[in-house]
Structures are given as C-alpha cells and as structure tokens.
Amino acid sequence: MTSDPQTIAWLDQEDARLAQAIRAHRWAAQYVGEGEEPDEPSFGYTIGLYGLGHPELVVVGLSAEGTHGLLDRVAGMVVDGRDLVVGELLTWSDRAERLVVEELPNPGEVVLAANRFYQRPAEFSVPAYQLTWDHRGGAFPWDADYPCGPECQPRPGTWRA
C-alpha cells in the first residue's frame, strides 16, 4: 500500500467515482488494455455483481467496445435476477455470438479493482466467471478449428493481470 498523498487522493477519487456508478447502475466495468508481455491480454470485468450475490464477470481478448458490450448484456441479465451457471451456453436470437460461462480459478490475480472495492485481499478474492466467446460465431478455444492462437483468448487460470 502506498503512502504517497497524491496517490491516496487519486485512489479516494476513484473509489468515490466507482461507488457512485455502482449506486446508479448496480455495477460498473473495469477495462485493462494489453500489457507489454505476450501473456498480458486485454480484458475487462464487472464490479458490483458480487454485492448482488453473484460472481463478477470477466471477458478476455476483446476491444474495450466489445468487452463493454458483452459485459453490459450479461451483467444486465444478472441484475434482472438471472444466476449464471458454470458450463452454461449463452445465446441470443438477434446475435450470432455465443458465450460459455467458466469459473475463473485465479480471480485474486485478475479482478483487482473489485477486490479493492469490496476490501478483500487477493487470497480471499471475490469469485468470478470468465465469459468465453466463440470466434465470429464459430469455434471456441477448445475446438480444433479455432482460428486464433491461445493469445487471442487465454483459458481461465492461464493468465493474470
């Protein structure tokens, strides 16, 4: 933990902004761009669903716009009372995309802002599900014909923030 006054002031402002967003919308999204290392993919996750009794949601390997679009759609379902189940396939009649709900085994290494919001250390992290997307309405990462390498959408537990 830092003791730098400027950093503390900035974190306090971020905490207040996040709390306000969650009060207004019941959840917020955190997006993290690609890191410099190959195993540091872009990803985004929800903050606030844990307060509704549901694991947070994580999407890996998409743009900020794509990540926010998926999180908005699926978090909206949770806010409306839907409990997602590990292994569940999510589809929409108006969209070609499909998602599979998977347990994220290392949430303490990924959902850092959610743990900060709920004041939980990484070893007692809020739980999270990774929403695994199919590539352009086709194959999932575990399929032989998946057209992208593992860097495109790393499997749950094989990467960290």
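Analyst: A definition to begin with: buried means under 20% relative accessible area, exposed over 50%, and partly exposed in between, with a 1.4 Å probe and protein chains only. By that scale arginine 82, at 33% relative accessibility, is partly exposed. This is a predicted model, in which local features need pLDDT of at least 70 and side-chain atom pairs count only at pLDDT 80 or more, while totals for chains, interfaces and linings use all residues. Residues are numbered from 1 along each chain as its sequence is written, and side-chain values use heavy atoms, with hydrogens and water left out.

User: Which side chain does arginine 82 meet in a salt bridge?
Analyst: That of glutamate 88, with an N to O distance of 2.4 Å. A salt bridge here is a side-chain nitrogen of Lys or Arg within 4 Å of a carboxyl oxygen of Asp or Glu. Glutamate 88 is buried, at a relative accessible area of 16%.

User: How many salt bridges does the rule give?
Analyst: Six. One of them joins arginine 155 and glutamate 102, at 2.6 Å from N to O. This pair links distant parts of the chain, 53 residues apart: arginine 155 is in the segment after strand S6 (128-133), and glutamate 102 is in strand S5 (residues 95-103). Helices (H or I, at least four residues) and strands (E, at least two) are DSSP runs, numbered from the N terminus.

User: Are those two buried or exposed?
Analyst: Glutamate 102 is buried, with a relative accessible area of 16%. Arginine 155 is partly exposed, at 25%.

User: What does arginine 116 pair with?
Analyst: Aspartate 15, in a salt bridge of 2.7 Å from N to O. These two also link distant parts of the chain, with arginine 116 in helix H3 (residues 112-117) and aspartate 15 in helix H1 (residues 5-25), 101 residues apart. Both are partly exposed: arginine 116 has a relative accessible area of 32%, and aspartate 15 has 30%.

User: Stay with H1. What span should it have?
Analyst: Its 21 residues should span 30 Å at 1.5 Å a residue, and the end C-alpha atoms are 30 Å apart, which agrees. The expected span is 1.5 Å times one less than the number of residues.

User: Which residues of H1 are buried?
Analyst: Leu11, Leu18, Ala19 and Ile22 are buried. They lie on the same side of H1, because they cover an arc of only 100° around the axis. The arc is that of the directions from the helix axis to the C-beta atoms. An α-helix has 3.6 residues a turn, so residues three or four places apart point the same way.

User: And what is on the other side?
Analyst: Exposed residues, namely Pro5, Gln6, Gln13, Gln20, Arg23 and Ala24. The buried residues of H1 are covered by parts that include strand S1 (28-32), strand S2 (43-47) and H3.

User: Where is arginine 26?
Analyst: In the loop between H1 and S1. Arginine 26 has a positive phi of about 75° although it is not a glycine. It is partly exposed, with a relative accessible area of 41%.

User: What about glutamine 119?
Analyst: Glutamine 119 is not a glycine either, and its phi is positive at about 55°. It sits in the loop between H3 and S6 and is exposed, at 72% relative accessibility.

User: Which side chain does it make a polar contact with?
Analyst: The side chain of glutamate 56 makes one with the side chain of threonine 46, at 2.6 Å. A polar contact is a pair of N or O atoms within 3.5 Å; within protein, one must be able to donate a hydrogen and the other to accept it, and residues adjacent in sequence count only if both atoms are side-chain atoms. The glutamate 56 side chain also reaches the backbone nitrogen of isoleucine 47 at 3.4 Å.

User: What else does glutamate 56 touch?
Analyst: Leaving out residues up to four places away in sequence, its contacts include Tyr50, Ala114, Tyr118 and Tyr129. Contact means heavy atoms within 4.5 Å.
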